[in-house]
Amino acid sequence: MAKERGRRVIAQNRKARHDYHIDDTFEAGLVLTGTEVKALRAGRASLVDGYAVVMNDEVWLQGVHIPEYSQGTWTNHAPRRTRKLLLHRKEIAEIGAATRESGITIVPLALYFKDGKAKIEIGLARGKREYDKRQTLAKREADRDAARQMAEHNRSHGSV
């Protein structure tokens with residue numbers, strides 16, 4: 001069987017980019033059981049309520065839902081169990097220092113397979129205020145309108 005290549009996204013946390021300013025991102029490996037990997041290969045996971053904490057110089061992922069594997073037996077995993085993240089010591093120190101600062105939290109942004117290995121992208125996030133969210137939505141809408149106007153202009157003046 002050929003080795004898996006590239007990046008295949010399983011789950012994304014789109015709401016995180018809406019609710020938080022993402023200051024920095026890290027790619028981490030996950031310590032998983034066999035049935036968790038099989039459930040992920042089936043493309044099932046939810047990052048919505050997930051977050052990570054630094055305890056005893058280790059980073060732990062909490063609240064991420066990986067549903068039980070349908071063909072699993074009594075060895076099946078708990079869907080919302082705490083999972084250890086695999087990062088370099090320097091990255092853990094950087095994340096730990098940032099989270100001690102007030103208002104910074106660690107949120108999962110994407111869960112994916114990279115060259116056959118399960119990886120998670122986590123971000124150091126600072127919460128957005130309500131007016132920040134409105135500004136972001138207004139800017140996105142303005143950019144979309146501008147792109148639409150440009151496309152319309154190019155269509156009408158491009159090929160004559």
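Is Asp 143 buried, exposed or partly exposed, and what is its relative accessible area? Asp 143 is partly exposed, at 43%. The model is a predicted one.

**Salt bridges**

The count of salt bridges comes to nine. Three of them are set out below.

| Pair | Closest N to O distance |
|---|---|
| Glu 36 and Arg 81 | 2.9 Å |
| Glu 58 and Lys 84 | 3.1 Å |

Take the pair of Glu 36 and Arg 81, with closest N and O atoms 2.9 Å apart. Glu 36 belongs to helix 2 (residues 34–41), while Arg 81 sits in the loop between strand 4 and strand 5 (83–86), so the bridge ties together parts 45 residues apart in sequence. Glu 36 is buried, at 0% relative accessibility. Arg 81 is partly exposed, at 25%. The pair also belongs to a network: Glu 36, Arg 81 and Arg 83 are linked by salt bridges.

Glu 58 pairs with Lys 84 across 3.1 Å. Here the partners are in strands: Glu 58 in strand 4 and Lys 84 in strand 5, so the bridge ties together parts 26 residues apart in sequence. Glu 58 is partly exposed, with a relative accessible area of 26%. Lys 84 is partly exposed too, at 28%.

Lys 139 counts as exposed, at 54% relative accessibility, whereas Asp 143 is partly exposed.

Asn 13 occupies the loop between strand 1 (7–12) and helix 1 (14–19). Its relative accessible area is 9%, so Asn 13 is buried. Which backbone oxygens lie by its side chain? A polar atom of the Asn 13 side chain is 3.3 Å from the backbone oxygen of Leu 47. The backbone oxygen of Pro 108 is 3.2 Å from a polar atom of that side chain. Beyond its sequence neighbours within four places, Asn 13 contacts Leu 47, Val 48, Pro 108 and Leu 109.

Gln 62 is part of strand 4. Gln 62 is also buried, with a relative accessible area of 17%. Setting aside neighbours within four places, its contacts are Asp 49, Gly 50, Tyr 51, Val 53, Met 55 and Thr 82.

**Two loop aspartates with positive phi**

Asp 57 is not a glycine, yet its phi is positive, about 60°. Asp 57 lies in the loop between strand 3 (51–55) and strand 4 (58–62). At 60% relative accessibility, Asp 57 is exposed.

Asp 115 likewise has a positive phi, about 50°, without being a glycine. The loop that holds Asp 115 runs between strand 6 (104–114) and strand 7 (117–127). Asp 115 is partly exposed, with a relative accessible area of 35%.

**Domains**

The domain assignment gives domain 1 (9–128) and domain 2 (129–159). Their centres, taken over C-alpha atoms, are 33 Å apart. Five residues of domain 1 and six residues of domain 2 take part in the contact.

The size of an interface is often given as the accessible area lost when the parts come together. Between domain 1 and domain 2, the buried area is about 460 Å², with 53% from carbon and sulfur atoms. On the domain 1 side, the touching residues are three polar and two charged, with no nonpolar ones. The interface holds zero salt bridges.

How values were computed
Residues numbered from 1 in each chain as written. Predicted model: local features only at pLDDT ≥ 70, side-chain atom pairs only at ≥ 80, totals over all residues. Heavy atoms only, no water. Helix = DSSP H or I, 4+ residues; strand = E, 2+ residues; numbered from the N terminus. Buried < 20%, exposed > 50% of the residue type's maximum accessible area, 1.4 Å probe, protein only. Polar contact = N/O pair within 3.5 Å; in protein donor to acceptor, adjacent residues only side chain to side chain. Contact = heavy atoms within 4.5 Å. Domains from an automatic or database assignment. Buried area = accessible area lost by both parts, 1.4 Å probe. Salt bridge = Lys/Arg side-chain N within 4 Å of Asp/Glu carboxyl O. Nonpolar A, V, L, I, M, F, W, Y, C, P; charged D, E, K, R; others polar.
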